Amino acid sequence: MVSNNSIFVVTLYFYKLKHLFIYIIIFTSQLVYSQSYKEDENAKTNADGYYKLAENYKNLPKEEALYFCEKGITLTKISKEESKKAKLLFLKAQIYDYHSDYTSSYLLYQQASPLFLKAHDTISAIKCFLNNGVTHYFNGSFDSSINYYYKAEQLLNNKTDATLKAKVYNNLGLTYKAKGNYKLSIINFQKVINLFGHKKTDISMANAYLNIGTLYWEQKNSEMALKYFNKALDVFDSLKKQNDIASVYNNIALIYNSLNDTTLALNYYDKASELYAENNNTKGLAITLSNKAVLLDRYGYKKDAELLFLESLELYEKVNYDLGIFTNQLNLSQLYSEFGNSQKALSYALKSLSMKNQNYPLVYTSQAYRILANTYSELGNYKLSNDYFKKYIQIKDSVYTLENSTAIADIQAKYENEKAEAQLEIFEQQIEIQNLELVAKEKRVVFIGIILLFSIILGAVFIRLYLQKRKSYLLLVEQNVKLTEMDLEKEMLCKEYKQNIAEKPTENKVADVIQNNNIDLLNRLIQLMEEEKPYLQEQIQINDIVKLLSTNRNYLSQVINDHFGTNFNNFVNEYRVKEARKMILKSDYQQFTIEAIGQMVGFHSKASFNTAFKKFTGVTPSFFRDNYTKV
């Protein structure tokens with residue numbers, strides 16, 4: 001039998017054991033919490049360290065900077081600091097932007113912006129939207145770019161940050177300018193000016209003046225361009241921005257150059273050169289010297305132009321500016337060709353073509369091939385001359401366009417011929433049915449059988465006709481897709497425009513084609529249509545183009561008729577249709593209706609768009625959109 005003392009001892013033992021167990025649990029919990037706290041603190045500290053390392057991305061290899069960002073982002077997942085994660089995502093996007101990888105950067109800005117908003121860091125969220133707008137702008141998605149700028153503007157409504165607002169309006173102005181909407185472009189630039197109306201020395205205001213001036217210059221309004229360039233000059237001067245002042249001088253010189261005021265143009269080039277030299281801006285100085293050399297060459301000062309081209313080339317080589325090196329080598333090659341110095345002409349032309357980076361406008365490469373063809377011809381090496389002349393000709397797309405246009409016309413003619421034959425066959429069958437009906441009135445059963453039989457035949461004929469029609473249309477779609485893909489490919493090569501350059505008479509039949517008094521106007525017309533796209537304006541008239549080209553209506557009409565075999569309206573509509581074809585193939589425009597695309601390229605109604613599209617392509621825009629993936 002257990003005594004009371006034994007029970008008491010056991011009870012006391014379990015009581016002490018219970019408290020000991022509780023103490024162990026408390027101690028373990030404190031240890032785990034302490035360890036977790038240390039890990040969190042370490043993660044926070046390390047994330048900050050990686051952020052500081054990545055901040056120096058301009059002086060680091062791309063992969064190393066991205067590695068620091070990624071390590072920091074991983075640590076913020078441990079410390080659960082979303083605001084720090086947002087900053088690291090933003091920094092990572094900036095690294096991609098610095099290396100022109102805009103596709104990667106905009107996804108990171110999209111991830112960072114909601115985290116900034118959640119953390120009530122509105123300014124950082126605005127910067128995300130601004131940068132996202134810039135990345136879409138550089139990718140050519142102007143509507144998406146505008147959408148992001150408006151998001152930034154909405155967040156700025158209750159803010160007094162004039163600098164950020166100015167960036168939004170300036171960027172909106174540049175994007176609307178790229179879309180050809182000059183009215184909205186100027187309105188947004190004017191908003192920047194209004195922001196700083198009381199403060200005449202803000203860099204944003206100077207940039208707005210500069211942008212408006214450039215816009216007027218592109219519209220060939222030299223008077224207004226000079227007015228705004230001079231306003232920008234005043235602000236830059238008050239801010240002592242020497243490089244910006246030199247850049248404006250360069251722009252003013254280009255205007256006076258276009259106005260054939262050689263004295264003022266040279267004066268401003270000299271001013272720009274002095275400032276660039278004082279501020280050790282090698283690239284700016286090289287550009288100015290090259291521009292001045294082009295002007296001197298134009299007015300026959302060949303030796304002076306040669307010295308400036310050589311000096312400019314040396315400066316471009318110092319800063320490794322490939323495009324400047326490439327164009328200056330071509331200019332020198334052309335100059336030496338005119339001097340009759342064939343060896344130097346060949347040397348510089350071959351140097352330009354041997355450069356690894358060939359991502360230049362094809363017109364430059366075309367010029368190099370033409371110089372080589374001429375120079376080898378003068379040296380009596382007709383084989384090489386012929387080879388380079390072929391390359392020169394191949395760059396131009398006129399032959400390709402002509403061949404494909406002919407192919408489309410042939411397919412359409414074939415379809416119309418087959419359609420007429422099929423209709424004749426149907427009519428003959430219908431007559432045969434009527435004859436059979438007259439002969440066998442009383443044999444209703446047989447008659448019904450015959451009707452059914454011929455209905456099946458007729459149905460088969462219609463099905464055959466439909467299939468032939470569809471096949472012909474699909475062939476038309478295929479040809480149009482090829483043409484459009486060629487246009488898109490050329491756009492990626494910096495929007496090559498056609499340029500027919502007069503050649504010296506040779507034994508080739510080509511000389512008859514090249515010798516044409518209208519060649520300059522033709523070149524400027526093609527360049528205007530392909531680079532500035534005035535045809536996107538709905539109410540564009542021939543007088544508008546006349547004004548832009550500084551010519552007269554009859555002269556322009558004659559050039560369009562002689563070289564394109566059509567009138568102005570058809571000429572404009574063909575450009576509009578080509579632009580519409582490209583939009584239909586691009587994924588950015590899949591959400592737009594056919595009518596909307598027609599309006600975007602300048603047609604005032606869906607009917608006029610359909611009519612013009614079918615005229616130049618052989619199919620309707622709806623059929624082209626529905627079937628281009630099938631070819």
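**Whole chain**

Select the whole chain and colour by relative accessibility. Of its 631 residues, 42% are buried. The model is a predicted one. Switch to a cartoon view. The secondary structure comes to 28 helices and 0 strands.

**Stop 1: T175**

Select T175, in helix 7, residues 162-178. Is T175 buried or exposed? Its relative accessibility is 0%, so T175 is buried, the cut-off for that class being under 20%. Next, show what surrounds T175. Setting aside neighbours within four places in sequence, T175 contacts Y137, F142, S145, I146 and Y149.

**Stop 2: D101 and K62**

Colour both by accessibility. D101 is partly exposed at 22% relative accessibility. K62 is also partly exposed, with a relative accessible area of 24%.

**Stop 3: the salt-bridge set**

Pick K302 and D297. Their side chains form a salt bridge at 2.6 Å, N to O. K302 is partly exposed, with a relative accessible area of 23%. Then select D48, E81 and K84. Salt bridges with shared partners join these three residues into one network.

**Stop 4: K292 and D270**

Select K292 and D270. This salt bridge has an N to O distance of 2.6 Å. The pair links distant parts of the chain: K292 lies in helix 13 (residues 282-298) and D270 in helix 12 (residues 262-278), 22 residues apart. Is K292 buried or exposed? At 16% relative accessibility, K292 is buried, because that value falls under 20%. D270, in contrast, is partly exposed at 29%.

**Stop 5: T288**

Stay on helix 13 and select T288. T288 is buried, with 0% relative accessibility. Beyond neighbours within four places in sequence, T288 touches N250, Y269, A272, S273 and Y276. Keep N250, Y269, A272 and Y276 highlighted. N250 is in the helix 11 part of the next contact, and Y269, A272 and Y276 are in the helix 12 part.

**Stop 6: helix 11 against helix 12**

Select helix 11, residues 242-258, together with helix 12. Draw both axes. Packed helices are described by the angle between their axes and the distance separating those axes. What are the values for helix 11 and helix 12? The angle is about 160°, and the axes are 8 Å apart. Helix 11 and helix 12 are therefore roughly antiparallel, as angles over 145 degrees fall in that class. Their crossing is left-handed.

Now show side chains on both helices. The residues that meet are listed here.

- From helix 11: Q242, N243, I245, A246, S247, Y249, N250, I252, A253, L254, Y256 and N257.
- From helix 12: L264, A265, Y268, Y269, K271, A272, L275 and Y276.

Colour these residues by class. The contact between helix 11 and helix 12 has 14 nonpolar, 5 polar and 1 charged residues.

**Stop 7: K240**

Step back along the chain and select K240. K240 is in the loop between helix 10 (222-239) and helix 11. Check its backbone torsions. Phi of K240 is positive, near 60°, and K240 is not a glycine. Is K240 buried or exposed? K240 has a relative accessible area of 64%, so it is exposed, the cut-off being over 50%.

**Stop 8: N320**

End the tour at N320. Which loop holds N320? N320 lies between helix 14 (302-318) and helix 15 (322-339). Its phi is positive too, at about 55°, although N320 is not a glycine. N320 is exposed, with 60% relative accessibility.

Technical notes
Residues numbered from 1 in each chain as written. Predicted model: local features only at pLDDT ≥ 70, side-chain atom pairs only at ≥ 80, totals over all residues. Heavy atoms only, no water. Buried < 20%, exposed > 50% of the residue type's maximum accessible area, 1.4 Å probe, protein only. Salt bridge = Lys/Arg side-chain N within 4 Å of Asp/Glu carboxyl O. Helix = DSSP H or I, 4+ residues; strand = E, 2+ residues; numbered from the N terminus. Contact = heavy atoms within 4.5 Å. Axes fitted to C-alpha atoms, helices over the stretch in contact; angles between N-to-C directions. Parallel < 35°, antiparallel > 145°, perpendicular 65-115°, else oblique. Left-handed = near helix turned anticlockwise from the far one by under 90°. Nonpolar A, V, L, I, M, F, W, Y, C, P; charged D, E, K, R; others polar.
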